[in-house]
Amino acid sequence: NIPPSSTRLQLQLRLHLHLQLPPRRRELRAISPPHCCPRMIWKAALAFSAGMANRKGGLAVGHAAQLLTEIDKVPRAADDVRVQEIASLWSGLGAVYLLDDDVVMKHIKFPSLGRREPAALPEQQPRREPDARSFSEQRDVDSYQVEAAFYALHAPRLLAPPVSLDLPRPLLVRSDDEGITLCMSRLRGNSVGRLDREHARAALDALAALHAAYWGVEPSELDGLQAQGTFWHLDNRAEELSLMPRTGWEGRLFLAARALDERLKADSMQTCVHGDCKNANFFFLRQSSSPGRLKESHTALSAQMFDFQYIGRAPPSKDLAYLFASTEGSYTEWVEDELLAHYHQVLSAALIERGIQPPRLEAVKLSLQIAYADLARWMSGWEGGWWAKALLSQRTRALLDKLDGGEPLADEQAYREALFNLFPPSQLSDSVEPPPPPDGTIAQPPAAH
């Protein structure tokens, strides 16, 4: 639609014609009506439409064809490639595409450097250099670089026996100063809403296998993964800490925040956690098997994990706290205990196979209490607000009551001493529990009264 002309009307027409590789830009700028007739504008619009026809959701089809050619080692024509945008990434850093219904491509474009700063900044706020990214921008960039390292260096080992996790298979990993391109196989499972007991057990099976594969990992062995797993650890969330309330039970949590972080870092159970294991980052696949005509067929539900931006070193309780919080309301506290026992059983079996002494179930439970409170610390100051507040507030208050008897202690150091005295990090292997029963049975709940 051409707006009515006027003597001073400036018709701003900025057209980007994205051609096939190498990408080029053509711009038509600031055309004023005295020098431009509707026919000229119409021709420019047609040229723009023709350029966009070779793009699907912002991705040039020619680029997709080149990637598929590189992956399959067979030339692909742009006209034969199907491209579908299936998701956008946080902070507008890119998108996820499906190529030919079989290859998932994650295209990340890093924030540009040299952004202008506000005209004035508070004196106490450090001034960024003109070519530096903000803390949150750099955090996002780092997380995608971690994911690239995971698929390039770690996924092949986790996909192979004896771990045999069901993950996207890396097909192409490319990284430079401007961004990252990840191409991986498409998972054929399905997402679910809140996890029922069956789906939660399958998710815990996958987490136990992941944790066992990295059990006892040292910082020097991370090979590009996060030095601290999860996205909410305290060193990454100083802003949220500063926004926490200073009164009530959240005020007590503020005083205990650094102690909780130190205790989890000192936990004798260290592994690599997924770091973002909410139910949205799992697919589930049900596979049927028919051993014979006279035998009944059975189905097994397996969990598939993806989104490995925050995989890194931490106690396994951080993954457990986040998974249980993301499924709040799906089951009772007793069912959570049952699921925790199931996780411990699977983890112990995997560790014993590797010749590693498994932790005590009680040690996992105590670490989980601390991890719940640590997760609540982030939520308390997060601008997005609480979720799973009923669960997290209940568990956090119970822990704080054990530390301070319901009244705030004098300072942060007092909480540190109380926490380390009540939950010493060395309680991993004070005594070894007998191996889990071979049939995988779990005790039944007490009869209702």
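User: What separates Asp261 and Lys265 in helix H6 (residues 248-266)?

Analyst: The model is a predicted one, in which local features need pLDDT of at least 70, side-chain atom pairs count only at pLDDT 80 or more, and totals for chains, interfaces and linings use all residues. Residues are numbered from 1 along each chain as its sequence is written, and side-chain values use heavy atoms, with hydrogens and water left out. Asp261 and Lys265 are four residues apart in helix H6, so about one helical turn separates them. Helices (H or I, at least four residues) and strands (E, at least two) are DSSP runs, numbered from the N terminus.

User: What makes the contact of Asp261 and Lys265 a salt bridge?

Analyst: A salt bridge requires a side-chain nitrogen of Lys or Arg within 4 Å of a carboxyl oxygen of Asp or Glu. For Asp261 and Lys265 the N to O distance is 3.0 Å, so the pair meets the criterion. The structure holds 22 salt bridges.

User: Why is Asp261 called buried, and why does Lys265 count as partly exposed?

Analyst: Buried means under 20% relative accessible area, exposed over 50%, and partly exposed in between (1.4 Å probe, protein chains only). Asp261 has 5% and is therefore buried, whereas Lys265, at 40%, counts as partly exposed.

User: Why is the pair of Asp102 and Arg188 said to tie together parts that are apart in sequence?

Analyst: The side chains of Asp102 and Arg188 meet in a salt bridge at 3.2 Å, N to O. Asp102 lies in the loop between E4 and E5, and Arg188 in the loop between strand E7 (179-185) and helix H4 (197-213), so the pair ties together parts that are 86 residues apart in sequence. Asp102 has 43% relative accessibility and therefore counts as partly exposed; Arg188, at 46%, also counts as partly exposed.

User: Why is the pair of Phe150 and Tyr151 called edge-to-face?

Analyst: Rings of Phe, Tyr and Trp (its six-membered ring) pair if their centres lie within 6.5 Å; planes under 30 degrees apart count as stacked, over 60 as edge-to-face and the rest as tilted. By this rule the count comes to 13 aromatic pairs. The centres of Phe150 and Tyr151 are 5.2 Å apart and their planes lie at 75°, so the pair is edge-to-face. Tyr151 also forms an edge-to-face pair with Phe308, at 6.2 Å centre to centre and 90° between the planes.
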